[in-house]
4 protein chains.
Amino acid sequence: MSISTNKMNEEQALLKQLEKYTTSIAHLGHVEIGVTNLEKSVWFFTEVMGLSVSAEEGDRVYLRAWQDFDHHTLVLKKSDTSGVQQIGWRVSSSEALRAFERQFKDMGIDHKWVEAGLKKAQGDSIQFRSPAGLPVELYWEKEKFVSMDPATASKLPSHPSKYTGKGVSPRRFDHVNIMVNDVVKEQQWWTDLLGIHHRYYVQNENDVRLGSWLSRTNIAHEIALMRNANQNGALFHHLAYYLDSPDELIRAANLMAENEIKIEWGPGKHGTSGAQFIYVIEPSGNRVEIWTGGFLIFAPDWEPIEWNPEVGPLGLDLWGSKAPESYFTYGTKLL
Amino acid sequence: MSISTNKMNEEQALLKQLEKYTTSIAHLGHVEIGVTNLEKSVWFFTEVMGLSVSAEEGDRVYLRAWQDFDHHTLVLKKSDTSGVQQIGWRVSSSEALRAFERQFKDMGIDHKWVEAGLKKAQGDSIQFRSPAGLPVELYWEKEKFVSMDPATASKLPSHPSKYTGKGVSPRRFDHVNIMVNDVVKEQQWWTDLLGIHHRYYVQNENDVRLGSWLSRTNIAHEIALMRNANQNGALFHHLAYYLDSPDELIRAANLMAENEIKIEWGPGKHGTSGAQFIYVIEPSGNRVEIWTGGFLIFAPDWEPIEWNPEVGPLGLDLWGSKAPESYFTYGTKLL
Amino acid sequence: MSISTNKMNEEQALLKQLEKYTTSIAHLGHVEIGVTNLEKSVWFFTEVMGLSVSAEEGDRVYLRAWQDFDHHTLVLKKSDTSGVQQIGWRVSSSEALRAFERQFKDMGIDHKWVEAGLKKAQGDSIQFRSPAGLPVELYWEKEKFVSMDPATASKLPSHPSKYTGKGVSPRRFDHVNIMVNDVVKEQQWWTDLLGIHHRYYVQNENDVRLGSWLSRTNIAHEIALMRNANQNGALFHHLAYYLDSPDELIRAANLMAENEIKIEWGPGKHGTSGAQFIYVIEPSGNRVEIWTGGFLIFAPDWEPIEWNPEVGPLGLDLWGSKAPESYFTYGTKLL
Amino acid sequence: MSISTNKMNEEQALLKQLEKYTTSIAHLGHVEIGVTNLEKSVWFFTEVMGLSVSAEEGDRVYLRAWQDFDHHTLVLKKSDTSGVQQIGWRVSSSEALRAFERQFKDMGIDHKWVEAGLKKAQGDSIQFRSPAGLPVELYWEKEKFVSMDPATASKLPSHPSKYTGKGVSPRRFDHVNIMVNDVVKEQQWWTDLLGIHHRYYVQNENDVRLGSWLSRTNIAHEIALMRNANQNGALFHHLAYYLDSPDELIRAANLMAENEIKIEWGPGKHGTSGAQFIYVIEPSGNRVEIWTGGFLIFAPDWEPIEWNPEVGPLGLDLWGSKAPESYFTYGTKLL
């Protein structure tokens, strides 16, 4: 082998290493859900949850929490079926988007390049499906939210819009959760291909994986994968917004009671993440979690925490309440 | 009828009216409970709950919360059977104690006068039983707590002892709850004879009273009477201490989890009082409630609030969780 | 002396004792304040504070917190001068109102009987002034609030109107505070004549009374009297609404910041009551306190707590911040 | 130029790019401070703050918060002078440590390689000083904390040790803050050389930089640089631990009051980060911040937020309190 061939091989190796760094995801950016009753779902997310509308266009309404810096973190789309339409992740650089495209081509993963301008407030994106069928889009550019309305614009530079305290008023979008038949398989794909770190998981007494929680950032998870107890395929389990304190969570529960929104489960505390939660079903049938607290993960060599059958129930609720049956079986569709 | 006879009759009427004002109770003062495992119960109430010991004497341990101004609000007595030994109420004046004695004699109610000095830190008292058999004592004098220990004495005049933040650290003793077969009958006796106001109640679909909550002071209730679903007589349901915020309640739940104390129910929110709660069983089997929030009652002509069958479940938990079966059937004894 | 004369003297004594019980006040009920800018003050109390309007009539707007059971606890009256117009106390029975009238006549206290119907939602009342000139009214009847609006009526029997979470959303009206030249003299009058118990007080290094806090109910104070540092007469210092937790207080502070309402002092914690606070100035110049926590007083023989010069500053703020100069000198008028 | 030379140049460029990725820091790991009164400082950090001791060795005590996963996040070293001894940052991989060494050599930055074993619980590290003289160490390996004591070991896999609720009980170590003469210069060095992102900054009316806040992770800042108002060189301003809620912050303030630890400033809320704070001085004179809340930063292309002179005071305290003079001038030494 000639020296120059050697050099070329070394260069290939370097490029490969570099690709590893460049095909990286920055963070979960938004979720788009189908809602059968757009009007009532908009009422729920604005009046009860206290999100604000960034834009309405056609059959879509774009929403964000008061401190979400981006144009939107939730999209409601009028639909015949409720469920998840798109899970959007921001990549770490403009090169990363092209690098992912190359990688998908190399690996023969079916995908679609969507030009900037076709999606509201969003630049180029790649759409594809995970092995279990989750609809995913990667993008680099999304508009920042800038309020033009004196009633909602804050004089505080760190507030993209005023904190109004209206409704639940979460601080920010947090994560999504999907039920799948085979948690292990799906988790490995997200970790190996997309680099979303595995944070903690629950095993049952037959050593079957009941759930895995993953994140790219320092928050405990941005996507969770839970076992569908019915084993009838992938379902959208929930989306979650984040509150600043247990006290605000109690306030959220009170608002649900006054607005006749059923709390499916909670207040409880997931032992796994250490976060306190309530789950509600919004008027179109999608599950929404409101949560607060829990730990951040800083270690670059984090080892996933196992919750074995002995402590698994505490992983679900540290305080000992049992999740209702529906929690393990009910979900809306992957659209 | 002579003028003087007339005058005497008027005097009798005045005396009667006066009696009404003088035979009055000021507030719930303490509860004495029997515990089969004194050591473990003391561990629970001091290390987990964070109460402090005022005195130990024979087989009794006297405890109080950091802002209880009195010498004690809880007495643990080593016992073969767990349950309630005494429910202590302070009367509104020294004359009131004698007035109650006269009244009991007039009405033929069995009672016992206990001289000052026979009970730790307490003046003269009258002991008797309610129709359902609840052991009650009325007293006028109880020592105030004064810390002699520099480690616990606070320099703050409004703090009878330092706020240490140890364990659950409730602010103060709140109330007791008893299960009885016939709630209506027992409630009427407490209201008519002892002047403890009826605050709110729950009726089931057969118009049977499931519970009544009563207080003499402005807090929502100092004593609750709940229907024993098994109809096997009166049982001690729980005693309760008060926290300053929902956040502290969540903290209490976390401390229970670390100390392997099972939470029987909660966190939840009683619609009736508006207070947030958890219930735990202490090591000797008595139920303890930790709660926070809810409303105060100022109206001198308060009308008891009815929770009918339609909203009754929200009266139990506004957020929709169901109490476990044990909540309606399990209690310890009346000793 | 004949027997019948003796009897008559005894009867007189009994009547006197009885009067003591019957001329009693139940609780602070409302405060009526003059506002120079009615529109902006209404905006502040509804949009920022989150109170709701029960009625508007002429130049008066009637307001209440979500769990105030009465028709109103605050009245805003369009006025050339800001300040306090009336401090309303509910008496303990219908007889009590007549008993107070008799007492005022006996003592030669100037007063005015106001017939039911002349004041919105209120029965007969007696109006008079305290020695320092505070405008006071006593009443027995005030309408309960009943919502006729499905948007605000709650299905929860314990909620006179929905908890909406809008703005600061205090639970209930709490107290008023007046600056006077001579605290001791005014306090004694309130305690001796009106039976409002003295709860705690602050003395300075020259043994001058800086403040006294009084209540008839179990809450720490319903009226406070503070020394006017300028000694230029009585001024209205503030009115206060109550929140359920420190967390809600922080939320209130955040809402003030977004709405450009200056926080004069706080968050701080009064050592005296143990309550956490912020003070703001509403658009017409009246001071408003928002507070939470602190202790309740149950003892019928409560001894007022002294905060001497050594601990006095902690009585003002347990955490050590200093009140601004304005806190000791600024107030609006007694109207 | 020959093809192979071209290839070699390209390879050099690739290597350079790769270096950029590999010389990266993961997160702030610990701070070591000198304390003149070791005994009293240990009392403060354990009894008041509620940190726990991982190890004591010679004149050093190693501490951590209950959910710090590492062996320690704070080291107290008995010293003649109080101040900061070392600011420890974990790098993102074992290669990164060597890559930083190469870079320091290339750039002629004075540094010291410290072999594993010389520092308790820590692997190899590089020690050096920033331009302003801050003592910094980079390391890859540090032992995880594993409790061997049944009294503190938690059965919960996500808890490296029990949550005891003792004292302030922060969840985790958060950040350090240093006063320097020239904020801009120091900030640029940290961002350019160490890759610590610039998050927000305050400019005064003369366009002088008053402070800059930087982080490598998603938390708002791990290191802050503030202008020394006295311009007498770099000083250690404070270290900070994180709490889960505003309510816990209020509880912390109460614990300071009972333990006679002066609160220098707060409770307040930094507009910049949105976090609520108190500052106290520990017994050896170092400043400690306890804080909660605020925003996370996910955007890979985050633009530093400017707080100009008009809103700068709100950046310091959103609620309007003024920092005491000492806050801008007092600090302990760089050791």
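Predicted model: local features only at pLDDT ≥ 70, side-chain atom pairs only at ≥ 80, totals over all residues.
Local features need pLDDT of at least 70 and side-chain atom pairs count only at pLDDT 80 or more, while totals for chains, interfaces and linings use all residues; side-chain values use heavy atoms, with hydrogens and water left out. Residues are numbered from 1 along each chain as its sequence is written, and chains are lettered from A and ligands numbered from 1 in the order in which they are written.

Let's start with chains C and D. Two copies of a chain are related by a rotation about an axis and a shift along it.

Now for the contact itself. Chain D gives 13 residues and chain C gives 13 residues. Together they bury about 1300 Å², 62% of it on carbon and sulfur atoms; buried area is the accessible area, with a 1.4 Å probe, that two parts lose on being put together, summed over both. There are 0 salt bridges between chain D and chain C, a salt bridge being a side-chain nitrogen of Lys or Arg within 4 Å of a carboxyl oxygen of Asp or Glu. Polar contacts do turn up, with 4 residue pairs (both at pLDDT 80 or more). Such a contact is a pair of N or O atoms within 3.5 Å; within protein, one must be able to donate a hydrogen and the other to accept it, and residues adjacent in sequence count only if both atoms are side-chain atoms.

Which elements give two or more residues to the side of chain D that touches chain C? They are helix H5 (246-258) and strand E14 (263-269) of chain D; helices (H or I, at least four residues) and strands (E, at least two) are DSSP runs, numbered from the N terminus. H5(D) brings the largest share, 6 residues. Sorted by class, this side of chain D has 8 nonpolar, 3 polar and 2 charged residues. Nonpolar covers Ala, Val, Leu, Ile, Met, Phe, Trp, Tyr, Cys and Pro, charged covers Asp, Glu, Lys and Arg, and the others, Gly among them, are polar.

In one of them, Glu47(A) pairs with Lys166(A), with the closest N and O atoms 3.0 Å apart. Glu47(A) sits in helix H2 (residues 38-48) and Lys166(A) in the loop between strand E8 (135-139) and strand E9 (172-180) of chain A, so the pair ties together parts 119 residues apart in sequence. Glu47(A) is partly exposed at 42% relative accessibility, and Lys166(A) is partly exposed at 36%. The cut-offs are under 20% relative accessible area for buried and over 50% for exposed, with partly exposed in between (1.4 Å probe, protein chains only).

Arg287(A) and Glu264(A) also meet in a salt bridge, 2.7 Å from N to O. Arg287(A) lies in strand E16 (residues 287-293) and Glu264(A) in strand E14 (residues 263-269) of chain A, 23 residues apart. Arg287(A) is buried at 1% relative accessible area, and Glu264(A) is buried at 13%. A network of salt bridges links Glu32(A), Arg60(A), Lys119(A) and Glu137(A).

The backbone has some details to look at too. A cis peptide bond joins Gly266(A) and Pro267(A), with omega at about 5°, and Pro267(A) is in strand E14 of chain A. In chain D, a cis peptide bond joins Gly266(D) and Pro267(D), with omega at about 0°.

Two residues in chain B have positive phi without being glycine. Ala121(B) has phi near 65° and is in the loop between strand E6 (111-114) and strand E7 (125-129). Glu260(B) has phi of about 55° and lies in the loop between helix H5 (246-258) and strand E14 (263-269) of chain B. Buried or exposed? Ala121(B) is buried at 11% relative accessible area, whereas Glu260(B) is exposed at 56%.

Technical notes
Contact = heavy atoms within 4.5 Å.
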